[in-house]
Amino acid sequence: MAARKKILQIKNLKQYFNIGKPDEVKAVDDVSFDIYEGETFGLVGESGSGKTTVGRSVIHLYNPTAGEILFNDRDIRKLKSTKEQLQFRREMQMIFQDPYASLNPRMKVKDIIAEGIDIHHLAKSSADRDAQVAHLLEVVGLNADHSTRYPYEFSGGQRQRIGIARALAVQPKFIIADEPISALDVSIQAQVVNLLQDLQEQHNLTYLFIAHDLSMVKYISDRIGVIHYGRLMEIATSDEIYANPLHPYTESLLSAVPVPDPQYERNRKPIPYDAAAHEGDDKKRQLVEIVPGHFVRASEDELPAYREKAEQYRAQLS
Amino acid sequence: MDNILEVKDLKINFGTFAGDVQAVRGVSFNLRKGETLAIVGETGSGKSVTTKAIMGLLDSNAKIASGSIMFAGEDLLKANAHEMAAINGNNIAEIIQDPMTSLDPTMTIGKQVSEPLRIHKSMSKEKAIARTKEVLALVGIQNAEARMKDYPHQFSGGQRQRIVIAMALVNYPKILIADEPTTALDVTIQAQILDLMTELQQKIDTSIIFITHDLGVVAGMADRVAVMYAGKIIEVGTVDEIFYDPKHPYTWGLINSMPTLDTKAKRLYAIPGTPPDLLDPPKGDAFAPRNEYALKIDTEMAPPFFPITATHSAATWLLHPDAPQVTPPPEIVRRQEVYQEMVDKGLDQPNNPEVKLNTPATD
Amino acid sequence: MRKYILKRVLYMILTLFLIATITFFLMKLLPGTPYQNQDKMSASQIHMMNEQYGLNKPVWQQYLIYIFGMVHGDLGISFQFSSQPVSYLIATRIGPSLQLGIQAMIVGSVLGILLGAFAAIRKNTWADTLATLLAILGMSIPNFVFAVLLQYILGFKLKLFPIALWDNFSSSILPTIALAMMPLAETARFMRTEMIDVLSSDYIMLARAKGLTQAGVVWHHALRNSLIPVITLAGPLAVNLMTGSMVVENIFSIPGIGEQFVKSITTNDYPTIMGVTMVYSFMLVIVILVVDILYGIIDPRIRLSGSEVSA
Amino acid sequence: MADEKMNLPKDAFEPLKAGEQLNNERIAAPSLTFLQDAWRRLKKNKAAVISLWVLIVIIVLAVGSIWFSPRNPNAQNATYANLPPKIGHGFWGFSGKANVAGAVVDAYKQAGVPKGTYYILGTDYLGRDLLSRILFGTRISLLVAFVATFFDLVIGVAYGMFSGWYGGRVDNIMQRILEVISSVPNLVVVILMIVVFKPGIFSISMAIAITGWITMARLVRAQTLKMKDQEFILAARTLGESTRKIALKHLLPNLSSTIIIQLMFTIPTAIFFEAFLSFIGIGISAPNASLGTLLNDGYKTFRFLPYQMWYPAAVLSIIMIAFNLLADGLRDAFDPRTRG
Amino acid sequence: MMWKQAKKIGLVAAASLMVVPLVGNAGTAKAATLAKDQTFKMMVPSELTTMDNSKMTDIYAATVMNNTNEGLYRLTSKNKAVPALATSVVKSTNNGLEYTFHLRHSKWSNGDPVTAKDFVYSWQRTVTPKTASQYAFLFEGIKNATAIADGKKQPSTLGVKAVDDYTLQVTMEKPVPYFDLLMANPTFFPQSKKVVEKYGSKYGTTATKQVYNGPFKLTKWNGTSLKWTLVKNKDYWDKSKVKLNTIQYQAVKDPSTALNLYQSKDLDDVTLSSEMAKQSANNKDKVIRKMASTFYLEYNQKKIPAFKNKKIREAISLTIDRQKLAKNVLSDGSTAAKGYVPEGLANDPKNGKDFSTEAQGAAEKTAVDYNLKKAKKLWAEGKKEVGIKKLNVELMGDDTDGSKKILEYMQNGMEKLPGLKVTNQNLPFKTRLSRSVDGKFDMVMTAWNGDFGDPITFMDLLTSTNSYNNGKWSNASYDKNVSASKNENAANPDARWQNLLDAENTLMTDEGVAPIYQKNEFHLVNPKVKGIVYHQTGSSYDYKTAYIAK
């Protein structure tokens, strides 16, 4: 895995809002992680954890307060020329959470999808543009008839697929999916997730998949980062994080997920997490690699305990 | 078990600019004393509208086309506003989805929680305060006495939902309608609230209608489950029957499309397409267009309910004697196997803490 | 909260200062002199007169003198009433205007709130249509038409109230009604919108679910919550009343500042125009400040967080 | 429960073949643009539709009277001054009779008006045809309103969008400015403006516009603030759309309902304000008439010549009511909350 | 004197010889005919601005002053001076250059005696530049008055002297024929030095900051109020003649309100303007108060070259039907102008004929005629002479209702001339005034009210150099005649009269200005109110002898 190319490197990202005011918010506080080409990196956290902010900082909707964001080894903060910026915008795209707010209600579907095509001049003619739109609609499971309709005529799932088509229109390499399914009904969620997976395969896409729904994140992601109060708590492969959560917050989060299985549910016991107990002291904490590929936010003196826990799991496996 | 509430053939239309939306298209169910009935369905399936009808809280553009809602020998649909007011908050109470908007921002929570006491029990101020404090403490509001003077915005989302629950339960209602009470909450908070509700249900012996789209929550909370699709209940049964031996293809799809933490399948099972527009519901079975097991008759005629067990029935032509035998999706088959094992062991009793089962296997 | 008020007061002072400045320089643009008999007066007299009014100094000095005087409550001498300080003029005239304004504000807002709430509760019924129409009619008929009709019908024909003049409370009734029409109409419309909004909110639904009757819901929850935004209407209403008072005071011969303002415009009485402008601005700024503070007091969300409200 | 004895054809239980599957992405409703949808909604509001028609009729009449005025609105005939309304040979309310000092007299006869000549709404103090004057005045009032509204639109919308979009310190400063401006009683500004510049259609419109845009700016700003964090705007940004284009393509169309509704309220306010200015004597200059000046002339003599007040008042009220009802209707039509 | 809204009449010295016939004889009031309640309720259209007679600028203040205070003389209803504080009407000595008055013993309302020193103090105070009296010019003719006003001499050098407490001596620079009438004018009333100095700048700003020596005392006036009351002054020397107990003044600015108040008997005397007057034309209580004022049109010859052409000017003047304007448009008792100098202002000293009647020659008639056909002909010729095809001009006037109507009417007439486009511009009085003076207009409707009963008060304005000659019309013959009347023929009444008649004739012949109408005031007066003395110019009303009949 180490040989794979790091498409995105985030180094000590800080994103504060209302700096210097009484209501200063440290939405993202010293977050670092890498995403490899072709993988899906899941970022999981509860509301207010800063996960959406990370996504928006990465795609440069916000100007980071501090830290580096390297996309293909280039710092996105240092993209000077319009051309470079436009190139970046083509390569990285975003899928949004709210299928109702993410489409301009006053625009026809074809114009929404073609917006990127227009900006980046990807169509040779208007016929080409229409053809591209029709193709994109087909890719996301809709048909060309839908292109002249307005967003409000579509259901949530359909709208989300239109949003995906819009992102795909510029043929990006990297897509940030910001809770793309949380506003959808269960039966529709699967459609969208399947679509995302198909697209990843076909276009060799890399995803940053942001969600609070742990079961779906687990399902779709190769690796997962758990974020809490703007800080990354744990990073590991999705299997490892579910099977062997090291950080108590991760454990708590996992224990709270309801599962559609009555027997399991009858026995599930949520494990509470007390942030004050784990972060309350002023010890310096940072992400430490406990076992290869498995990072935990910890202070020096907490490390042995985590290592031991990891050992136990290894032992269990073998 | 006694039925505390019986809903029969409820049909509700909404007048809109585009025409009449048939939001509820003949719903019948009953609620038993002390049980938790979960109504599961997607957005627009009519589950909230049904409960609004029970409480007489439908919007003015709603028309009840037919049906009856029997509570304590009376048809609630025939009750006038004052009779409804006497029942609401006293015998039937409600919790809704968004704790951020469900409390009056300008009234102290003490006053809001004690309001049902004053309305229905004409309780003295001191007694009401004492009772309010008690109930607030019961739902886990710490330092309840002091906090009664606080306003809603001074509480976190989870705390607010606890207050809303306190408000609903303060009169020990016979029926509690919980309309997606945890959807807006984070999973960790959700877990706490669900625990609280289970705990309180036992304490005050109330029946709960639990509306949700989250099957995970249903699995943990419900005694019985009714699955709604396009304004109709399409399957009803005990929680085990629904989760381990579903009969309706929609229920299959619903259960199957949700990954568990253990799902390893390469692809999720997805119900294709989009729910029908209830302005113009399709002829026959509304699910047919999305149903890979659809039969010709599905496009002609809506299926009736076919009983499976005393507690379990489903509205699908697949249960008709003439219908071809179909194999459910693998995940359902697996669940049926688990269930068979449970039945064999006599473990299919809901809410039996003694019952333990091996963690569901993976495929 | 205290810090917030302090900040607001500072803004207020800044605002008044800016208004004073703008008014002053606009006045300087106005053609005409304050004297009627300019050409019959000797140069020496005009010089003396200019000196009395401070008109012989460079404009910037006049400006500084004006601002300095204003800070000390000196608004100059009226051109129209010789030797009468503008501050005195305003002081003796403001009473009736305030009385009328406050009466009209009370009548207008109380009736407006009732009418608006009534319309909202009976939304989409004939009663709502009637109330809405009534409110719009109130906004659609100019004050002076109202005033003249009231005077003629209630005063002259039916002799229920004095036709005009300013003697006792009963002589304030007709002008109050005439002046209250607009605030009443606006309040009613705003109230209706707010109330409909509130009535469709979750907590109102839950209040019903608690078993409150329609009346109980309205009284205990809807009214207060709809009233909070209605308070912000006070600013625009104050402006309305100022405009209205010019008309109504004129028609009913009431010795108020509105009537005086119109007169001072037609007589180029700059010091009075500026003075009354400052008084109007001051009152408006005070109303806005009071509204903000009141808003904070009434709305617990703001009271405790102490954050800023925009009017 | 199920009727087991139902007679169903055998093939009823054959599975549907793939080709026979119904279109499960079907959209039942007809495709409508936003405006079509709003229009459909508006059509259900009878008051608003009637108002719309009334306004159209009034505007057509007012504008049409440039070419097809019953009489020249400025043509004087002093001997025919103050003739009451009369139609044909006269009937109730339009008899051409006036009550002078308690005695009913035929004003037309007194003035020596030839038979067959009559003024539907009477004449004014200079013997001008009141109907033509009212049409003319309506036109001027509407013109003032539209000019004022145009500036309201340009200044208010631009200011609001700019302030809202840039946010932060820019917004803060712009809001403070707005706060200061809104603390100035607008009528004072208007009056000063008109006193300093020449009274006339343009300066009155300008004066009203200069003070009238505040509300528009506030509303647009609030909407912009709300909108700029909407995901569709973020999406446009992530696609690399320029700010200018975002403003034009995304913000403006979505602000349109707010703007249109506010304009519907601005127009009557401007008409009303003009009437007020006429009352204090700084309205439209003669011989041009506006509804305000007509009303101002009329109210003074309404005891003797009530028609001179009632007719302009009626037209003004109808316009005001119609605009207000239409605005209410549009607000409902545009408001997504009422979407069915 | 400039007009403001038909309200602001200058504080005028001389009264015309015109007598208002309706005024009853005060002497006939018998106790038996008096109503029990002697309260008179008077409406004025404006507030009382000051009670300092050095600073008065409007007729309403002057009228109040005339009833609360008293000077040397008082005028009868026939505008004849009768003794007031002076024991007799004195003749001038030393070729009209000196007057010696003997004062009667009388008291201020604070109990102090009124002495000759009070006159000296008052007069000196008024002419002192620092007082900035806008009416100090009325002192012109009294020794050193002009020089003092110009700041060239000390106020103490004014030609007025208290020989003793009850003897007042006035020295003139040149004879002033209307001197007697001036002495009845409030500007020449005495002031109590003690009171003036006590209140300083606040003197005369409220009812209590003034002392009174006239038939009534002012009360209930706070300086800015819309109403005030005059009550009978029990210290007045001639109080037995005073019948009214109280005069309640009420400022009402809205004409329909005024009418309502009159008809409901809340007021006894109301002034109605514009339409209200027109509609009340048949009211039996109607009283027309004649005024010495002319409204006329000035052409700005400096700005619009075409106006230099007489035919153009005449054509425009001929388009205005003045008769119809007065009768149908104004209908408030105003009359069509006969000439520049209004009817009833002054009479020929030789034969007693009215100036305007005497000046009524052919040229006069043409100048105020209405002849559209002739106008069009002249207009065509004039245009050809000037070399223009069309003319766009602004017509400026006041922004009052009345003025608006008149302008509209005139505009309508003027635009009947092909190619003439007139835009009306109605401005607030003072704005209009200053634009007129600054020459920022094309045509302006100007109004002038005679300062005193002599044509010179009008004639003076239109000399080439006068700053009120807004149109800059210039005519050598006119200038010569006016100058002669003031200088070489000053002492020769007949020659002077002829000079003035010639000047008027020249003005009319050359169409220097176009007189439009003579303004009158329309009143409704309770017929039970009798004995009001009205003067066409000056402080209009004297209520000393007024009473309410049963």
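How many bridges join E4(E) to strand E6 of chain E, and do these strands run parallel or antiparallel?

Modeller: The model is predicted, so local features need pLDDT of at least 70 and side-chain atom pairs 80 or more, while totals for chains, interfaces and linings use all residues. Residues are numbered from 1 along each chain as written, chains are lettered from A and ligands numbered from 1 in written order, and side-chain values use heavy atoms, without hydrogens or water.

Five bridges join E4(E) to strand E6 (residues 167-171) of chain E, and the two run antiparallel. One of the links is between E:Thr100 and its bridge partner in E6(E), E:Gln169. Strands are DSSP runs of E, at least two residues, and helices runs of H or I, at least four, numbered from the N terminus; pairing takes at least two DSSP bridges.

The open sheet has three strands of chain E in the order E4-E6-E5, paired antiparallel. Strands E4 (98-102) and E5 (160-164) of chain E stand at the edges with a single partner strand each, so one side of each has no neighbour in the sheet. Neighbouring strands are turned by 20° against each other on average, direction ignored.

Helix H2 (residues 116-127) of chain E lies across E5 and E6 of chain E, at about 165° to E5(E). Such angles, from 0 to 180 degrees, compare N-to-C directions of lines fitted to C-alpha atoms, for helices over the stretch in contact.

Chain B and chain E do not touch, with their nearest C-alpha atoms 47 Å apart.

Methods. Contact means heavy atoms within 4.5 Å.
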